[in-house]
Amino acid sequence: ERATLTDGALNISRGDTGLTIHLFARKSEDLAGKTINLETNRTSSPKVTLHWKDARGLAQRSEFREGYALRLDFGQLAGTRLPGKIYLCVPDEAKSYIAGSFSAKIKKPPPPEAGLPPPPQPSTPR
């Protein structure tokens with residue numbers, strides 16, 4: 001099992017199966033000590049993406065923006081890791097869910113690509 005946090009997006013994966021929750025946080029560190037509890041009737045929820053490989057080995061994904069139940073309890077930051085507990089149940093046909101503990105490594109987003117020209121500056125009329 002692997003868990004990472006990048007710009008407030010929690011990724012948990014095991015083999016070819018995983019999920020991403022796009023949390024409303026500017027920085028992953030802002031989630032330390034927070035609890036997120038979302039009920040199925042909430043209409044403005046973070047996007048949840050499930051991904052897996054089917055029996056033929058083809059990549060599959062499902063996205064959910066509402067109708068799921070989520071509870072996340074984040075612990076205190078320990079270096080570059082943020083521990084937590086998760087319960088997530090999504091409204092798919094398989095009634096997919098995940099429950100347990102994790103220790104997410106906080107990853108910084110990649111820097112902007114080098115070598116790109118600067119954006120054009122607006123011209124001033126003469």
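The talk below takes up the sheet, the core, the aromatic pair and the salt bridges.

Visitor: What kind of model is this, and how are residues numbered?

Guide: The model is predicted, so local features need pLDDT of at least 70, side-chain atom pairs count only at pLDDT 80 or more, and totals for chains, interfaces and linings use all residues. Numbering starts from 1 along each chain as its sequence is written, and side-chain values use heavy atoms, leaving out hydrogens and water.

Visitor: What makes the sheet open, and which strands stand at its edges?

Guide: The sheet has nine strands, in the order β4-β7-β8-β9-β1-β2-β3-β5-β6, with mixed pairing. β4 (35-38) and β6 (59-64) are the edge strands. Each has a single partner strand, so one side of each has no neighbour in the sheet. The twist averages 20° from one strand to the next. Strands here are DSSP runs (E, at least two residues), numbered from the N terminus. The angles are between axes, lines fitted to C-alpha atoms, and run from 0 to 180 degrees between N-to-C directions.

Visitor: Why are F74 and F102 called an edge-to-face pair?

Guide: Rings of Phe, Tyr and Trp (its six-membered ring) pair if their centres lie within 6.5 Å; planes under 30 degrees apart count as stacked, over 60 as edge-to-face and the rest as tilted. F74 and F102 are 6.0 Å apart centre to centre, with 80° between the planes. F74 lies in β7 (residues 69-74) and F102 in β9 (residues 97-107), so the pair ties together parts 28 residues apart in sequence. A search of the whole structure finds one aromatic pair.

Visitor: What makes a residue part of the nonpolar core?

Guide: A nonpolar core is a set of buried Ala, Val, Leu, Ile, Met, Phe, Trp, Tyr and Cys residues joined through side-chain atoms within 4.5 Å. Buried means under 20% relative accessible area, exposed over 50%, partly exposed in between (1.4 Å probe, protein chains only). F74 and F102 are both buried. The largest core has 25 residues. Among those touching the most other members are L10, F74 and F102.

Visitor: How do you know that E29 and K108 form a salt bridge?

Guide: A salt bridge needs a side-chain nitrogen of Lys or Arg within 4 Å of a carboxyl oxygen of Asp or Glu. The closest N and O atoms of E29 and K108 are 2.6 Å apart, so the pair qualifies. E29 is in the loop between β3 and β4 and K108 in the segment after β9, so the bridge ties together parts 79 residues apart in sequence.

Visitor: Why is K108 called exposed but E29 partly exposed?

Guide: K108 has 60% relative accessibility and counts as exposed. E29 has a relative accessible area of 25%, so the label is partly exposed.

Visitor: What other salt bridges are there?

Guide: The count comes to five. D54 pairs with R56 at 3.2 Å, and R71 with D73 at 3.1 Å. K47, R61 and E63 are linked in a network of salt bridges.

Note on methods:
Two strands pair if DSSP finds at least two bridges between them. Helices (H or I, at least four residues) and strands (E, at least two) are DSSP runs, numbered from the N terminus.
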